[in-house]
Amino acid sequence: MRRAEQLNETAVVEFIILSFQSIPAIQFILFLMFLVIYISTMLGNLLIMVLVVTNQHLHKPMFFFLGNLSFLETCYTSAILPRLLASFLTNKYVISLNDCFLQYFFFTGLAGAECCLLAAMSYDRYIAICKPLHYTAIMDGRCCLLLVGGSWLNGLLASAIVTSLMPQLTFCGPNEIDHFFCDFTPVVKLSCSDTHWIELVEFILAFLFTLPPFLLTLVSYAYIGNTVLRIPSSTGRHKAFSTCSSHLTVVTLFYGTLIVVYLVPQTNTLGYLHKAFSVCYTALTPLVNPLIYSLRNNNIKKALRTAVNKYRGFDKA
Ligand SMILES: *[C@@H]1O[C@H](CO)[C@@H](O)[C@H](O)[C@H]1NC(C)=O
């Protein structure tokens, strides 16, 4: 009996990621869709990074944060999409336990870092709008570096703690993950060990590491809203708010999809919806962020125009 149990316990050495195989008819369309999304995400975010680094007018805290957000998002989609694309092409859906945990580590760590970075960006807007006279004194290079570094550290640290507990789980089969990447719930659900403690740790860490940045973001915008509404002229109001409206859009999109995916209970009838929303925050948010910023931010538009003109100039010479 004991021997059989042991055999069983070592049975699972790899997972199968079911992905979207249950709808074979649209495999190719899905592949194309994810390919286009991935390439556009990389190009859009890369463009923003290049603009921020090369354009002197964008050497300001707000754009440093934006450049860093773009960098974070290229990493974030790269934790999931290349592997997904490869599985469409090769028809191989197996993933070793370690690769699965590693994917979870990077994805969750980067999502956590994004929460913190979005909070840092709202704080930056809060200082700029509510304490304009102190802005340059507070948001100096050191403060920017601290906020950016702190965001990365925070996210990756929280994720490392949960990931380090995962190899202690036992998996005795079945080994099919009904998702398109290794997320916490679908993986833990497959374990035959007692998973209460790891779920508790995950819950506490998610609470500690995403609620404070979320609240900080909310509070910053409450103060910003309050200040902006008290500006007497409507053009002044519009001007003050326009510097943070794109950021607010990005924040709403990110937290909105995150809340739907993780707080709405995962029942079977909502399974497809759950996957669809997961596609939103893993693939679509990083794609639309550069679009939102470049379409709505005049400084970015100007920088882009300058870059294009410079390139044309080189062309003629
Ligand atoms: C990221 O932030 C740092 C510190 O503020 C800045 O020096 C760097 O240029 C930023 N990177 C990008 C790609 O914007």
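**Close-up views of a predicted model**

Alanine 120 sits in helix H5, residues 97-130. This is a predicted model, so local features need pLDDT of at least 70 and side-chain atom pairs count only at pLDDT 80 or more, while totals for chains, interfaces and linings use all residues. Residues are numbered from 1 along each chain as its sequence is written, and side-chain values use heavy atoms, with hydrogens and water left out.

**View 1. Alanine 120 and its contacts**. Helices here are DSSP runs of H or I with at least four residues, strands are runs of E with at least two, and both are numbered from the N terminus. With a relative accessibility of 5%, alanine 120 counts as buried. Buried means under 20% relative accessible area, exposed means over 50%, and partly exposed is in between (1.4 Å probe, protein chains only). Leaving aside residues up to four places away in sequence, alanine 120 touches Phe65 and Leu147; a contact means heavy atoms within 4.5 Å. Now look for leucine 146: it is 26 residues from alanine 120 in sequence, and their C-alpha atoms are 10.0 Å apart in space.

**View 2. The shell around the ligand**. Here you'll find Val52, Val53, Phe64, Gly67, Asn68, Cys144 and Leu145, where a residue is near a molecule if one of its heavy atoms lies within 4 Å of it. On its own the ligand exposes 360 Å², and the protein buries 73% of that; these areas come from the Shrake-Rupley method with a 1.4 Å probe, and for residues only the protein chains shown count as cover. Helices H2 (27-54), H3 (61-78) and H7 (141-165) each supply at least two residues of the shell, and H3 gives the most, with three. Sorted by class, that makes five nonpolar, two polar and no charged residues. For the sorting, Ala, Val, Leu, Ile, Met, Phe, Trp, Tyr, Cys and Pro count as nonpolar, Asp, Glu, Lys and Arg as charged, and the others, Gly among them, as polar.

**View 3. The largest cavity**. The structure holds one cavity of 30 Å³ or more, and the volume of the largest cavity is about 50 Å³. A cavity is a set of points, on a 1 Å grid over the protein atoms alone, where a 1.4 Å probe fits but cannot get out, and lining residues have an atom within 4 Å of a point. Grid points are joined across faces, edges and corners, and the volume is the space filled by probe spheres set on the points. The lining is made of Met62, Met121, Asp124, Arg125, Thr243, His247 and Tyr293. H5 gives the most to this lining, with three residues. By class, the lining has three nonpolar, two polar and two charged residues.

View 4. Most residues other than glycine have a negative phi. You'll spot serine 19 in the loop between strand E1 (14-17) and H2, buried at a relative accessible area of 1%. With a relative accessible area of 58%, asparagine 91 is exposed.

**View 5. Phenylalanine 88 in helix H4**. Phenylalanine 88 counts as buried, at 12% relative accessibility. Not counting residues up to four places away in sequence, phenylalanine 88 touches Phe20, Gln27, Leu30, Phe31, Phe34 and Tyr93.

Note on methods. On a 1 Å grid over the protein atoms alone, a cavity is a set of points where a 1.4 Å probe fits but cannot get out, and a pocket is an open set with protein on both sides within 12 Å along at least five of seven lines; lining residues have an atom within 4 Å of a point.
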